[in-house]
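Here is a short briefing on one protein model. Look at the sequence and the fold, then read the points below.

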Amino acid sequence: LTGTLQKRESKTFELTGVGKKEPKKVDIVESAANLNPAAHVGHKVTITGSDVSPGATKERHLRAEQVKMLSSNCS
């Protein structure tokens with residue numbers, strides 16, 4: 001998924017502005033031990049990972065396994 005990484009109030013992150021076929025926002029609720037999502041807040045990134053969404057909900061939750069920075073801003 002590609003979008004802008006944002007910090008949430010809790011210790012989680014969200015990816016906003018995701019493509020047309022995906023939800024507009026994806027919550028990053030977990031990340032692999034070797035990742036530092038905080039280093040990419042405000043950056044345009046591509047995140048790959050595993051869907052850990054709870055049951056039948058419209059919200060999408062992701063466990064980030066890889067983050068690739070595409071741009072230091074989202075414009």
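Is Lys25 buried, partly exposed or exposed? Lys25 is partly exposed, with a relative accessible area of 42%. Buried means under 20% relative accessible area, exposed means over 50%, and partly exposed lies in between (1.4 Å probe, protein chains only).

This is a predicted model; local features need pLDDT of at least 70, side-chain atom pairs count only at pLDDT 80 or more, and totals for chains, interfaces and linings use all residues. Residues are numbered from 1 along each chain as its sequence is written, and side-chain values use heavy atoms, with hydrogens and water left out.

**The barrel**

- A closed barrel of 5 strands runs β1-β2-β3-β5-β4, with mixed pairing.
- From one strand to the next, the twist averages 50°. Axes here are lines fitted to C-alpha atoms, for helices over the stretch in contact, and angles run from 0 to 180 degrees between N-to-C directions.
- Strands (E, at least two residues) and helices (H or I, at least four) are DSSP runs, numbered from the N terminus.
- Two strands pair if DSSP finds at least two bridges between them.
- Strands of a sheet pair through backbone hydrogen bonds, either parallel or antiparallel.
- β3 and β5 run parallel and are joined by 4 bridges.
- β4 and β5 pair in the antiparallel sense over 8 bridges.
- β1 (residues 2–7) and β4 run antiparallel, with 3 bridges. Here Thr2 stands opposite Thr46 in β4.

**Ala64 between two partners**

- Ser31 stands opposite Ala64 in β5.
- Gly49 also stands opposite Ala64.
- Leaving aside neighbours within four places in sequence, Ala64 is in contact (heavy atoms within 4.5 Å) with residues including Ile28, Leu35 and Ile47.

**The nonpolar core**

- The largest nonpolar core has 11 residues, among them Leu5, Phe13, Val26, Val45 and Leu62.
- Such a core is a set of buried Ala, Val, Leu, Ile, Met, Phe, Trp, Tyr and Cys residues joined through side-chain atoms within 4.5 Å.
- β5 gives the most, with 3 residues.
- In soluble globular proteins, nonpolar side chains tend to be buried together.

**Salt bridges**

- The structure holds 6 salt bridges. A salt bridge is a side-chain nitrogen of Lys or Arg within 4 Å of a carboxyl oxygen of Asp or Glu.
- Arg8 and Asp27 meet in one, at 2.6 Å, N to O. Arg8 lies in the loop between β1 and β2 and Asp27 in strand β3, so the pair ties together parts that are 19 residues apart in sequence.
- Arg8 is partly exposed at 33% relative accessibility, whereas Asp27 is buried at 7%.
- Glu14 and Lys25 form another, at 3.8 Å, N to O. Glu14 is in strand β2 and Lys25 in strand β3, so this pair ties together parts 11 residues apart in sequence.
- Glu14 is buried, with a relative accessible area of 16%.
- Glu30 and Arg63 meet at 3.6 Å, N to O. Glu30 in strand β3 and Arg63 in strand β5 are 33 residues apart.
- Glu30 is partly exposed at 39% relative accessibility. Arg63 is partly exposed at 26%.
- Salt bridges that share partners join Arg8, Glu14, Lys25 and Asp27 into one network.

**A loop residue**

- His43 sits in the loop between β3 (25–31) and β4 (44–51).
- His43 is buried, with a relative accessible area of 16%.
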